[in-house]
Amino acid sequence: METGMTAAGVRSIRFLDISAQNRKDGFRVVAPVIQPDDVALRGYYASLELRSGLRLHATDTVDMFDLVTQAQSEPGLTLGVFLTGMARVSLGGHPITLGGDRAAPHAFALYSGEQDLFERRGLRGQRVRKVNVNIPQGWLEAEDWPAVRSLSALCGDHRTLRTWTPTARQLEMAARMVEPVAGMPYLDSLYRESLALEFVGDVLRLWLEADDPVTVGPRDRNRLRRACEFIDAHQDARLHVDQVAKAAGMSVSALQRLFHAAHGTSVLDFARTRRLEQARQALERGDLSVTDVALNAGYGSPANFATAFKRQFGLSPKDVRRRG
């Protein structure tokens with residue numbers, strides 16, 4: 001087991017033996033029976049208590065057992081993004097699937113209005129790469145925001161689950177929160193706290209906008225689908241917005257408004273994030289060199305690709321390929 005301490009005194013664990021943990025939240029391993037020296041999860045895990053009152057959990061791990069764990073869930077709202085994998089959990093005995101069976105990234109919000117028993121069922125060999133931001137009960141109400149009452153109502157009742165496809169910006173923030181700051185551990189907590197606050201703000205803003213949404217009808221959804229298909233089919237080319245707009249059958253300005261309404265980002269930022277996410281998946285598979293992946297992603301220079309990749313994920317392409 002390898003552990004370390006950040007400048008803020010927050011423990012991060014790389015090779016995690018969770019059977020050895022005795023935590024105040026009542027955490028315990030239900031099954032199977034494992035020995036104190038057995039590694040239950042292998043990979044990277046961090047749990048940070050942020051100064052803002054939020055709590056951040058970031059993980060990129062593989063389950064070494066069909067592990068069943070339980071903990072006491074405190075009242076509050078959990079916002080999360082599954083970049084890879086899924087989780088089968090239950091709250092108060094009610095089964096919940098987070099992440100789904102799809103390979104695509106998946107975002108969720110789970111509201112707990114009272115203390116309840118939280119259970120997770122892991123699957124041996126499954127990799128989970130995700131980030132959770134826990135907002136404690138009363139955190140929103142402590143702010144003097146005109147929209148607080150509306151946001152609190154949007155959380156719903158106890159055990160309310162909301163799911164959505166994360167925007168390109170949310171994917172970018174989630175990926176950065178999962179990875180520690182390379183070479184600057186003393187900035188790690190501050191860096192991820194800023195991302196966590198931005199992530200929470202982005203999700204809540206979209207919730208409020210969705211409560212009074214810009215209507216995206218069937219015709220616009222078809223246009224959006226054509227635009228995304230065109231983007232995916234031209235990953236190795238330098239796209240121009242007018243090309244995508246022509247493929248979608250609409251003006252550039254209308255397409256930009258549609259992308260901001262549906263994905264919370266511009267057309268080109270959406271395309272760039274899609275290219276880099278696909279490049280990361282190719283590097284993790286390890287069947288192509290960094291140069292080949294850079295060319296397939298439309299970058300003529302591996303150095304430019306490496307710069308954009310590290311800005312997006314906080315890791316170099318070589319580091320991701322080596323880990324994969």
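Me: Is alanine 175 buried or exposed?
Reply: This is a predicted model, in which local features need pLDDT of at least 70, side-chain atom pairs count only at pLDDT 80 or more, and totals for chains, interfaces and linings use all residues. Residues are numbered from 1 along each chain as its sequence is written, and side-chain values use heavy atoms, with hydrogens and water left out. Burial is read from relative accessible area: buried is under 20%, exposed over 50%, and partly exposed in between, with a 1.4 Å probe and protein chains only. Alanine 175 has a relative accessible area of 0% and is therefore buried. Of the 324 residues in the protein, 46% are buried.

Me: Which residues are in contact with alanine 175, leaving aside its neighbours within four places in sequence?
Reply: Contact means heavy atoms within 4.5 Å. By that criterion alanine 175 is in contact with Leu83, Arg129, Gln312 and Phe313. Alanine 175 is found in helix α2 (residues 168–178); helices are DSSP runs of H or I with at least four residues, strands are runs of E with at least two, and both are numbered from the N terminus.

Me: Why does arginine 120 count as buried?
Reply: Arginine 120 counts as buried because its relative accessibility is 17%. Arginine 120 is found in strand β11 (residues 116–121). A polar contact is a pair of N or O atoms within 3.5 Å; within protein, one must be able to donate a hydrogen and the other to accept it, and residues adjacent in sequence count only if both atoms are side-chain atoms. The side chain of arginine 120 makes such a contact with the side chain of aspartate 63, at 3.0 Å.

Me: Which residues of helix α5 are buried?
Reply: In α5 (residues 241–248), the buried residues are Val241, Val244, Ala245 and Ala248. They cover an arc of only 100° around the axis, which puts them on the same side of α5; the arc is that of the directions from the helix axis to the C-beta atoms. These residues pack against α4 (218–233), α6 (252–263) and α7 (267–285). Glycine 249, whose phi is positive, near 75°, follows α5.

Me: Which residues line the largest cavity?
Reply: Rolling a probe the size of a water molecule over the atoms shows where empty space is left. On a 1 Å grid over the protein atoms alone, a cavity is a set of points where a 1.4 Å probe fits but cannot get out, and lining residues have an atom within 4 Å of a point. The largest cavity is lined by Met86, Ala87, Arg88, Arg121, Gly122, Leu123 and Gln126.

Terms used
On a 1 Å grid over the protein atoms alone, a cavity is a set of points where a 1.4 Å probe fits but cannot get out, and a pocket is an open set with protein on both sides within 12 Å along at least five of seven lines; lining residues have an atom within 4 Å of a point.
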